[in-house]
Amino acid sequence: MTIRVWDYLREYQEESEEILDSVRTVFESGRLVLGESVRGFEEEFAAFHGVDHCVGVDNGTNAVKLGLQALGVGPGDEVITVSNTAAPTIVAIDAVGATPVFVDVDPDTYLMDTDQVAAAVTERTRCLLPVHLYGQCVDTRPLRELAAERDLRVLEDCAQAHGARGRDGLAGTTGDAAAFSFYPTKVLGAYGDGGATTTSHDDVARKLRRLRYYGMEEQYYVVDVPGHNSRLDEVQAEILRRKLGRLDQYVADRRVVARRYEEGLADSGLTLPTTAPGNDHVYYVYVVRHPRREEIMARLRDRGIELNISYPWPVHTMSGFSHLGYPKGSLPVTEELAEQIFSLPMYPSLPRETQDRVITEIRDVLKHL
Ligand SMILES: *Cc1c(COP(=O)(O)O)cnc(C)c1O
């Protein structure tokens with residue numbers, strides 16, 4: 001049987017009663033859209049982070065998009081971010097009419113190289129968008145300082161970093177707003193699509209609530225500024241609400257898996273993930289690196305081990321973003337990484353025996369490379 005890079009079925013077996021009860025709770029509540037479950041989840045997710053507001057939305061891409069709009073980012077503005085991210089980060093910037101401006105990533109953590117950001121600021125820069133990639137936080141302190149000096153906003157992309165802690169605090173608490181995805185594979189995953197944007201600015205929260213509801217104040221049928229229909233689904237909210245109580249456990253289980261890879265693959269020849277000082281990594285994905293990635297992946301695939309690459313094509317090299325004008329070679333660290341990284345099976349309920357087989361097979365493949 002193929003070993004999958006991500007799988008939820010074992011977790012579902014353990015939690016199915018509660019998941020199905022969530023569905024029943026919503027269906028029997030008498031309110032199917034923006035009801036008690038969304039309200040309750042928003043309150044509890046905000047409390048988990050110690051922020052004032054959480055606004056549930058339909059997915060992580062729109063959490064970024066609405067976050068940008070609520071922070072006042074629009075056509076003509078520039079947003080400084082990275083190309084080593086999931087394409088939706090950039091799609092969301094494009095969707096509000098703003099222009100993404102890329103800096104390269106740190107060669108050890110693969111996260112935004114914050115030293116490069118100041119030089120990328122122009123008259124048109126409006127927002128800095130760090131991505132807490134793979135489950136580890138960008139150090140937002142220099143970004144906040146720069147933002148204060150130049151009157152910029154900071155939006156954190158936390159789609160891969162639920163529960164992660166950086167030197168500056170919990171992911172999602174260090175910027176002006178933060179965008180989360182609850183896509184099923186994420187550290188806090190729904191049983192379908194979901195997202196949320198958090199903030200402690202009252203005015204930003206109010207804009208977010210309007211933006212996800214056509215541009216209306218709820219129950220008030222007037223649009224002042226046209227918005228979207230981007231509501232978090234009530235059933236997904238109820239599932240997320242219950243799973244939120246287990247987020248710390250999911251993270252602890254992911255760390256156990258990571259430690260076992262670390263021990264099992266030490267001196268194997270693979271470059272293992274580096275955690276920056278002061279960080280609590282949540283291992284959304286376990287990214288390793290090797291110059292002969294293609295051969296390694298092919299041989300492991302032959303042995304029934306599925307692997308993934310996050311991400312094989314840096315966003316600036318995609319045809320849909322060629323108009324941004326970043327030729328090949330313009331972000332050398334990002335481009336080299338994209339050719340060498342791959343991700344090992346990682347999810348909280350990954351059985352120990354399965355992981356041991358992955359480790360044994362990798363060691364064997366590397367020995368005979
Ligand atoms: C998953 C992800 C998104 C998009 O989330 P969706 O819920 O799939 O729309 C955005 N940014 C990053 C970094 C992601 O990993």
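Into which domains is the protein chain divided, and what does the side of domain 1 that touches domain 2 look like?

Modeller: Happy to! This is a predicted model, where local features need pLDDT of at least 70 and side-chain atom pairs count only at pLDDT 80 or more, while totals for chains, interfaces and linings use all residues. Residues are numbered from 1 along each chain as its sequence is written, and side-chain values use heavy atoms, with hydrogens and water left out.

The chain splits into domain 1 (10-103 + 111-244) and domain 2 (247-367), with bounds from an automatic or database domain assignment. Their C-alpha centres are 25 Å apart. Where they meet, 36 residues of domain 1 contact 35 residues of domain 2, contact meaning heavy atoms within 4.5 Å.

About 3000 Å² is buried between the two domains, 58% of it from carbon and sulfur atoms; buried area is the accessible area (1.4 Å probe) that two parts lose on being put together, summed over both. On the domain 1 side, Tyr134, Gln136 and Val187 provide 24% of the area buried against domain 2, more than any other three residues.

The side of domain 1 that touches domain 2 has 17 nonpolar, eleven polar and eight charged residues, with Ala, Val, Leu, Ile, Met, Phe, Trp, Tyr, Cys and Pro counted as nonpolar, Asp, Glu, Lys and Arg as charged, and the others, Gly among them, as polar.
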